[in-house]
Amino acid sequence: MAKKAALRKLIIKEIWTSKARFFSILILIFLGVGFFSGLQATGPNMKNTADQYFEQYNLHDFHVQSTMGLEEEELELIAGHSGVEQIEAGYSRDVLAGESRLVMKLIGYRDDLEINQYVVNNGRLPEHSGEIALDNHESIRALYSIGDEITIYPENSDTDLTEDFNQTTFEVVGFVTSPRFITEESRGQTSIGRGNLDAFAVILEDDFDLPVYTDLFAKFTKLSGESMYSEDYQNLAAQYKSEIESELDEYGPERIAEIREEAEEELAEAEAEIADGRTELAEAKKELNDARQELDEGWTELEDGENELAQARQDLEQGEQEYKDGLATFEREIADGERQLAEGRTELENQQPVVEESRRELEQGEAELASARREIEAQLELLTTQQAEVNRLRTELTELFEVPVDVIPEETQAEIVQETATISLGEQTLANLLQAYFAGELPADPIQAGLSQLEAELSGGITQLNEGLNEVEEGEAEVAAGRAELEAGQADLDAARQLIAEQQGRLERERASAEAELAAARRELDQGWRDYESGRVELEDARQTLTDGEIEYEAGLATFEAEQADAIAEIEEGEAEIAEARAELADLEEPTYYSATRHDIGAMVEYADNAGRLSDLASIFPVVFFAIAALVTLTTITRMIEEQRGEIGTFKALGYSNLAVSLKFYVYAISASAVGTIVGLLFGYLILPQIIFNAYRMLYNLPDIELSNYWLYTLISAGISLFSTVLTAWYVLRVDLKSHPAVLMRPRAPKSGKRILLERITPIWNRLNFIEKVTARNLFRYKQRMLMTVLGIAGCAALIVTGFGLKDAVGGMGDLQFGRVIQYDAMVILDQDATDEEASAYNELIEGNAEIEDHLAIYQAQYEVSETGVNTQDVSLIVPLNAEQLPQFIQLRDRVSKESYSLSDQGAVVSEKLADLFSVEPGDSLTITNADNESFEVEIAHITENYTGHYLYMNEAVYHEAIGDEPLESNADLLKYDQDVAWEDQLSEQLMQEEKVVTTTFYGRVIDTFNDSMESLNVVVVVLIVAAAGLAFVVLYNLTNINVSERIRELSTIKVLGFYDGEVTMYIYRENLILTAMGIIVGGFMGRILHVFVLATAAMDNMMFAPDLHWSSYLYAAVLTFIFSSFVMWIMHRKLKGVDMIEALKSNE
Amino acid sequence: MSYVRVVDEFKRYQMGENTIVANNGITFEIEKGDFAVILGPSGAGKSTVLNILGGMDTPDEGQIWIDGHNIAEDTTKQLTKYRRDDVGFVFQFYNLVPNLTAKENVELATQISPNALDVDEVLESVGLSHRVDNFPAQLSGGEQQRVAIARALAKNPKLLLCDEPTGALDFETGKSILKLLQNTAKETGTTVIVITHNSAIAPMADRVIYINDAKVRETVLNPRPRSVDEIEW
């Protein structure tokens, strides 16, 4: 449509020709919307970020600890709760770590644990025994890098870490972040060291050697996916907590019985071990004694051996002598024997021939006798045989002769004939005769008679023969007698010979045996010598062995004596421990269970509070911008409409409707605010949250912010920005649209000059020079614009004052705290269990150090203060052992009145912020709770200036009255000196070597780190200053621009009149400078209010900003505002130089 | 040598593609103490001449000699000084500062002028001594123009340049203003140059320069100028 097209063109042209105004509105809307939406969104974004982080790393909903650790029973008990989705048990223990004795919480890690995962920032998680992943905290990263070794130490010398850990030295393999620890400043409370954890670290669960779990972590089904900052979460978590707590409380007594039983068993074992130890010791002693005895015996034996050896030598020598003697005797005796034998032999030889002669004679006689006998005997025998034969034959023949011859068998006859062939009878043989008989030729009788004759002849021959035999026998007897004689002589000879032979043999035998004997003696002697030699060598060896044994014994003895002391000490210690354990067992109380939801973690709640504070800030800053945006829009549109009265009139005269006429202005206003809103929302949702969150990240370990937009804030922003522009446009147009076109087309009567109030104060007015008068009058001519300029400038100045004030307040906090309140330079945490010697060694070191000006022993402890509606606060209780000295170390005084306090018996002195939080006045009492959940009421006498942390100071009397009767022992020492860091390093090293010292904190460094961390606030300051600059620029530029365009004739006139360019600029800018000055003054007051408001909302629970505004903040604000103003002046100056005076003067308006 | 001498002055304006020649070789002279009128129809280029003479604009070519000084060669700053010290302007629409009283408007000029006259005297001379403390809005058109003339005269300028000083005034008032200007020239010896399209005014001038179509058509010297009272239009 042509009309619309024309209108659109008109609008675009309008925007283009008045771009400065357009952008002024746009920028102000942008600032307002940007700050509003950004600050509003940051809070929810921060919570979202935390929620997503916790979700991603599966942060526990519920955490249980117990004074006695936890066991499967408790795990099952909790797992049995209907709300529990997941439960895991784990180990952790707080130790001191590294050279600087950082207080570190070691947490066991297993890769299948799902609750509370870690963000690995660098390196990796531990995979092997002896590996450790450290907290990714900046201070830790400054000390360690991957590959370094870190050793852990117990909190005091009585504790043995190897009881709880399998490793005490670890290799750093990575740096991690845990959703459990989100505050940078502290990783939580602990019962060791200063009471604050410096860091956590992750080691393998297997490197722990704990009998029971230390932690149980649970997730609840209904809470997963739920924002922990939602009310549902809080209520449900609280409900679960109380349910589980009551179950655990019921379980407590069961647990204790179990523990007693187990402990008894263990004690018995320990006692057995000690007994074993004693036995071993005794055995060792006995062994040593035995060795001594053996050695002594050895020595004795050695001596005996030597004596024997000497004796043997002597014997040997004697034997040698005897041997020589024996040899001589033997030789002599043998010689005698041989001589005697030779004599005997000779005699024997002489006798022998005589005997031989007699023998020969005898033997002759014998031989004759023998032959005679033989002849006789042979005759005799023949005769006898013949006789026998004849006898037999006679018998036989007799028989035969009785038998008729013809019956005799031929064979028998032949046989007898043959037998009798040899028997001769007279001339005939018997056989012949028999033959003849058989043959019957001869009768038997002649044969018989022949036989009887034969027999008689035979018997006579026998008798003769017997007589010869007798004669022979007689000769024989004679011979026999001679032989006997001979034989006797021979026998004598033989006997003599025999004797000699025997003698000879005996002599031979004797010689042989003597020789053998001698040889044996020789061998024996030789053997003796050899034995002697080997005996000697043996003795030497034995001596050597003994000497060695002696040395060994000495060494053994030394070792024993050295070890004995230790062993005894150990045993005694063990016994003491057992006794202690027994005592403890006797004192054993039921376990106390501590359960915590996420909302019991202070940091988590504080983080939410911080996020909430941003919403508070969001409600004040944007108001400034929106208000000014509305005012600027008002001026701008007013001016625009004024300039276009004629046009409006013409359009109206042409018959355009009011709406059509005013549409242009609405569109102008709407497009400026719409674009401003869109850009503002982009900035607000995308950039501002990051800037703010990055500042907060100095305090919190959290991942990058989760950005999101919120319809509610978008609608509010858009609503307010449209409202502040469109409504203004409507308001201004309203009047003109009612007028008749004719009126509109006539130039508006110039706003008449008016006398101003100041003119009536003649003394002042008269003093002003002309230009000043003009300026003054001009200032009051445009009140609306003046007001707006002043407000805009004031807003700018206020923002700068706030920015620098905030920086001063926060940055100055460190100097105030550590410069004014804390007067000491170092705090040494002492081991209360150290021995007296260790304590005096420490004292000597401190007293002996000339540079240490003074020191004060204190007792310090951590307590909590809680009350419904207030976050639980940690408070450090400090009791100086010498109360008079305290003022030199810690300044106690009223911040405002500067009245100094000292510790009295009337009560404690509490730090200001804590008193504020719990609305405590002097004379009231404050309830503090220790780690064992015991509560104490403390009377408060005074409230003292303090900026970070909460402190409660009291003297011993107050302590005894309010908390405990036990005599106080110092567990920390405050040092004062005036030295540099190098000296501190030296001192630190010396201190670390002291057994008495646990850790040392140097406050010089604390200030540095503190100030470093507060650098983050510069971002806030920069944001505020940039916003302020933008505001100042937009306001000044826009207003000056309007001023110039409105007064262009006037300016042209004075230009024509011959005002130099500078004079022209100053003609109009003098007003701006005055307005700027006024704005700065107003801004100073506004800034102060804003500052107090911002500090009140921004301050965290454990910090107090000094609300004083330093004059420099005002100065910076003034200077910067003037610089912005001058910048606008410079731009205006350039613009004014280019003003075409002729053009302006040509026409009537 | 004349007090004011314009020699071959050209002024061109670029309007998109076209070049408009506002002054096309203007040459004229005016003597000291003259009451000169530059006459021409609208758009003839007379205002351009006046602007150039007054040091508010510079010619593209030519010389502008004022009291022996060629201002065509002056820098912006020198021109400003020239305006400040030597020129008084009177505009058709007075151009008074509405927020200043009559006296203050005059003072605005005297504040910066080295040889300024007494403000009250000047105001009296223009017949406004009774209205010195009034704001422009409280004054009639003639009175406002008198204030403007007073403001111009108070500087004691060498040149008084008037651009259609009566254009917004009724006849009678216009006449009184013209009379004031004529008297000023006569009495103070100030060179007064009036630009007008109203030829009726021509007879009262010592010198009339006719400009048409960017050129000087004619310069007429009037040895006996008539009094304003004798003029009618």
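Let's start in the middle. The largest nonpolar core has 291 residues. Four residues have the most contacts inside this core: Leu28(A), Ile800(A), Leu1031(A) and Ile193(B). Keep in mind that this is a predicted model.

Which helix gives the most to this core? That is helix H17 of chain A, residues 783-821, with 18 residues.

Now look at Ile800(A). Set aside its neighbours within four places in sequence. Ile800(A) is then in contact with Leu1024(A), Ile1025(A) and Ala1028(A), and also with Tyr1116(A), Ala1117(A), Leu1120(A) and Thr1121(A).

There is a second, separate core, and it has 10 residues. Among them are Val390(A), Leu393(A), Leu397(A) and Leu454(A).

On to helix packing. Two packed helices are described by the angle between their axes and the distance between the axes. I have two pairs, both in chain A.

First up, H2(A), residues 19-56, with H12(A), residues 711-738. The angle is about 155°, and the axes are 10 Å apart. An angle over 145 degrees counts as roughly antiparallel, so H2(A) is roughly antiparallel to H12(A). Is the crossing of H2(A) and H12(A) left-handed or right-handed? Right-handed.

Who meets whom? H2(A) brings Ile25(A), Ile29(A), Gly32(A), Val33(A), Phe36(A), Ser37(A), Gln40(A) and Ala41(A). On the H12(A) side, they meet Tyr713(A), Thr714(A), Ser717(A), Ser721(A) and Thr725(A). By class, that contact has six nonpolar and seven polar residues, and no charged ones.

Next pair: H6(A), residues 410-419, and H7(A), residues 430-438. Here the angle is about 155° and the axes lie 8 Å apart. That makes H6(A) roughly antiparallel to H7(A). Their crossing is right-handed.

From H6(A) come Gln413(A), Ile416(A) and Val417(A). From H7(A) come Ala431(A), Leu434(A), Gln435(A) and Phe438(A). This contact has five nonpolar residues, two polar and no charged.

Last stop: where the chains touch. How many residues of chain B are in contact with chain A? The count is 27, and they contact 24 residues of chain A. Two helices of chain B, H2 (76-86) and H3 (102-110), each supply at least two residues to this side of chain B. H2(B) gives the most, with five residues. What is the make-up of that side by class? It has 13 nonpolar, seven polar and seven charged residues.

One link back to where we began: Ile193(B), from chain B, is among the residues with the most contacts inside the largest nonpolar core.

Key
Residues numbered from 1 in each chain as written. Chains lettered and ligands numbered in written order. Predicted model: local features only at pLDDT ≥ 70, side-chain atom pairs only at ≥ 80, totals over all residues. Axes fitted to C-alpha atoms, helices over the stretch in contact; angles between N-to-C directions. Helix = DSSP H or I, 4+ residues; strand = E, 2+ residues; numbered from the N terminus. Parallel < 35°, antiparallel > 145°, perpendicular 65-115°, else oblique. Left-handed = near helix turned anticlockwise from the far one by under 90°. Contact = placed C-beta atoms within 7 Å. Nonpolar A, V, L, I, M, F, W, Y, C, P; charged D, E, K, R; others polar. Core = buried A, V, L, I, M, F, W, Y, C linked by C-beta atoms within 7 Å. Buried ≥ 20, exposed ≤ 12 C-beta atoms within 10 Å, placed from the backbone.
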